Amino acid sequence: MHLIRTHRTFSKLKSILLRRHSQAALIDQNEYTETPEYPPILDMSIQGRKLRERETMYEKIKQLNTVEEKQIALNMPRYYGWPCVMLNEDKIPYNAMPLVQCYTRTHFIPTEKLPDSYADTASTADEITKEVKAFIEDALCIESEGVEHNFSLSLEKPEPSQKEDALAKCIVRQINRIISNNLTDKVPHIISTQVDYDPRHEAFWFVGGVDIPDSVLNWRKKQSWYKDRLEENLDRPVQYIGTPFLTLRNKLPLKPIIPYSEAENADFKVPKFSYSPNNVGYFTNFRHGTNMPGYWPGDYDEFGMLSYHGRGHILDRKESFGPEDNLEALHCQAMKASFGWLLAQANYQGFTTYNDLTYPLATQTVITNGQLWSFYAYQLNTIVMHNEQMDENPKHNVCFGTKPMKLYDSIENGKVQGLNEEVLKTLVQFYLNSPEEREHDLKPYLGKEEQVVADIEDDRKRCWLEDRYKHLVANRPKHFLPPETYLWEKIFKIQFNLRFHEKKRRPFELDINPYKRRLNEHLPPYIPKLLRKYPRSKKKFENTYYPDVLNHK
Amino acid sequence: MSTRWYPIYQRGNPQLRVFLPNFWMKLVRPLPKQLPNTVSFQCSMEMTKYDIKNYLEKIYNVPVVDVRTKITMGKFRRDVGRGYVVKDDDVKYAHVVLPKGQTFEYPDLFEKSKDDDEENMKSLEEAKKSFKNYIDRNKDRQDVPSWFSI
């Protein structure tokens, strides 16, 4: 009553307190312009709206400051992880080359010699080869015959391949030691180079333009709104996992093998492979996407130079595949390994599968079993190949590769017979390829002050993000089992409605897809009453610092 | 190979008998969008990958590079008449990979019978038409039987 009376008495007050319009009327002098300015015309179809939603997400990921936050952001839409196509380094099915080329967007150039950019180190390499030759022969003899190796073998892989890899690993370590010791006083970049033994290489990206799985197609056939776009493609998450024997990395990136403008060369176009990957023999697995180049974000030596890989998996392949396909399998391994490593490095520079590289990166890959050596030089020009960009993106990556060559013919009575100096020279040339300072900004999409989580001032935020990132990347199993629709439910509840009298509580009865749960859809840690802030804080749960990249539901 | 027991010979039984193996393979229509060098079969549950490879190579001279097998669960359906849920048998599928250059196209089995179908449809149409004519003709004397006409 009093209120009403007051309002009646002070009618002007009411009009001030309750504003009828949502915005205060702005008296704008420049309301009129010479030429009419219209808002942009937006595509309001469902595809158009979805596309805009996705693009805002990509933009938000681009705007994030730190590497770790970007990596968490890639995983934000899925609590239980992405159903990733697993490209393991050493699992290569028959006829995998078209798929691998398409998924890594790589044009493969078989060569006999290294590309032209290596020509100027040829004469130095010759001298060094002569100096090093005797040591390498010794090392080969000792590792192959002089030492009785006792490798611990696992039961997961066949024995011969594990033995070959283990021996090759010993030989590679020796050869790397000999060559880098010899080169330290001759070229400046070797002494500052980091050597990693058995690093963890992982890479995650999205590939578009792949046929949808049958289950999705069958579901779409039942939905009326999917009538016109039954075959519409989805992004396929892809995860590469590999472990090289040994890698070298440096503070500065290698020189590009071919000029960056060549990346758009139409000759390098890779044919599209739209068949679903399980047609070839690659299968999917639920996991969080991870990008690991063998070190944590914030390391100073973040550009790869050279990586050694084993070829033991060739022994596990069936005889019926034939030698020709085995050669292709080596090329596939090299392309996967080089692309995977470079992509992970690019991710640490602040690029993601949604924001393309602005400069080329290069690496060198060696695949060996001690005797047979094949050499690959790889240039990464683009990493964007999700659905909208698969056909649009004009850039392609390039890989030069040789056939496997014999380093020596045989080892008899503790002596190496017929050491091939050409092979050794090629390897030395890989070491001589010196990294260079680039003139452009290497991290255009990272913050000025904060580039990794460790740079964040706020203690709580920094610690939280660090913990979350490490936990996410560990891909440890969840504390609770992932949701499951039991077979009896599928039969008696979904397919035939025979339990209509029961209360509907299960996710499929409530129209919830538990696998669409987002990463931040969980209760944050509880704050016990005792620990809450003194005068009656009502805050029950602790803060979370997930990057805000998703569109609100 | 057969898992059947060889019956004990009783006097008077026929002496020459043929025992069929329980290995069989049935060529089935491939999934939509499958690589052109893969062929899909349904096969008997006992066959292993090696059996499948040998079966195709030794009997039919088909070059086999790789075999992938998969057991799929049979469909659940309502029993007709009684209404309870029954399950069909599981099926073993074998996806056989041929060498790179080769392609396989599922044959059109009913190519010839297509012409027959068309002819059948034509005669059916004609029959329908004549019946309609008959109905139209006798519109105003509906209760009269068909044999009673001029």
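Predicted model: local features only at pLDDT ≥ 70, side-chain atom pairs only at ≥ 80, totals over all residues.

Biologist: How many residues of S12 in chain A are buried?

Modeller: Five of the five residues of strand S12 (residues 397–401) are buried. Both faces are covered, with A:Asn397, A:Cys399 and A:Gly401 on one side and A:Val398 and A:Phe400 on the other.

Biologist: Switching to helices, why is H4(A) described as largely enclosed?

Modeller: Helix H4 (residues 67–75) of chain A has nine of its nine residues buried, so it is largely enclosed by the rest of the structure. The buried residues include charged ones, among them A:Glu68, A:Glu69 and A:Lys70, as well as A:Ile72 and A:Leu74.

Biologist: What covers them?

Modeller: The cover over the buried residues of H4(A) includes helix H3 (46–63), helix H10 (322–348) and helix H12 (459–474), together with strand S4 (201–210), all of chain A.

Biologist: S4 again, then: what is the strand order in the open sheet of five strands?

Modeller: The order is S7-S1-S5-S4-S8 in chain A, and the pairing is mixed. Strand S7 (284–287) and strand S8 (292–293) are the edge strands, each pairing on one side only. At the S7 end, strand S1 (residues 82–88) of chain A runs antiparallel to S7(A) and is joined to it by four bridges, with A:Pro83 opposite A:Phe286.

Biologist: Zooming out, how many helices and strands does chain A have?

Modeller: Chain A has 13 helices and 15 strands, and buried residues make up 38% of its 553 residues. Its C-alpha trace spans about 110 × 65 × 60 Å along the principal axes.

Biologist: Last topic: how many residues does each chain bring to the contact?

Modeller: Chain A contributes 13 residues and chain B contributes 14. On the chain A side, these divide into five nonpolar, five polar and three charged residues. For the complex, the predictor gives an ipTM of 0.80 and a pTM of 0.87, while chain B averages a pLDDT of 88, with 97% of the residues scoring at least 70.

Conventions:
Residues numbered from 1 in each chain as written. Chains lettered and ligands numbered in written order. Contact = placed C-beta atoms within 7 Å. Helix = DSSP H or I, 4+ residues; strand = E, 2+ residues; numbered from the N terminus. Buried ≥ 20, exposed ≤ 12 C-beta atoms within 10 Å, placed from the backbone. Pairing = 2+ DSSP bridges. pLDDT = per-residue confidence, 0-100.
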